[in-house]
Amino acid sequence: MSHTILFVQPGARPETRTYCDYESINECIESVCRSYEEYLKRRKPKKSTITYEISQLFDFIDRLKDICCLVYQKTTKTYAPFNKEWIKSKIQELRRESSHSA
């Protein structure tokens with residue numbers, strides 16, 4: 001369990017910046033996926049089920065002005081920054097884990 005802070009800036013304007021904190025990396029990554037699913041639901045409110053390819057989720061992440069995580073490092077008692085590519089790799093790991101446990 002590593003405390004994780006997610007910073008997101010969807011648009012060009014600084015006032016679009018937000019942040020959330022999570023008790024673990026997985027919680028944070030699941031939140032990124034849920035954010036995309038909520039985005040899809042807002043775009044197509046009449047659809048009863050939402051499906052998407054991982055490449056579409058990655059395109060969504062790439063279109064954000066900025067997204068990054070700060071993950072607490074127990075050994076140094078500091079937070080280390082991680083970028084979009086790291087977030088996408090964690091999404092892939094989480095999906096692999098969930099497909100193996102299903």
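This is a predicted model: local features need pLDDT of at least 70, side-chain atom pairs count only at pLDDT 80 or more; totals for chains, interfaces and linings use all residues.
I started with T16, which counts as buried because its relative accessibility is 19% (buried means under 20% relative accessible area, exposed over 50%, partly exposed in between, with a 1.4 Å probe and protein chains only). Numbering runs from 1 along each chain as its sequence is written, and side-chain values use heavy atoms, leaving out hydrogens and water.

Next I checked where T16 sits: in the loop between strand 1 (4-9) and strand 2 (18-22). Helices (H or I, at least four residues) and strands (E, at least two) are DSSP runs, numbered from the N terminus. Leaving aside residues up to four places away in sequence, T16 touches V8, Q9, P10 and G11 (contact means heavy atoms within 4.5 Å).

Then I looked up helix 3 (residues 84-101), and found 18 residues reaching 26 Å from first C-alpha to last, close to the 26 Å expected at 1.5 Å a residue (the expected span is 1.5 Å times one less than the number of residues). Which residues of helix 3 are buried? I noted K84, W86, I87, K88, I91 and L94. The buried residues of helix 3 pack against strand 1, helix 1, helix 2, strand 3 (66-73) and strand 4 (78-82).

Last, I turned to the meeting of helix 1 and helix 2, where V32, C33, Y36 and Y39 in helix 1 meet Q56, L57, F60, I61 and R63 in helix 2.
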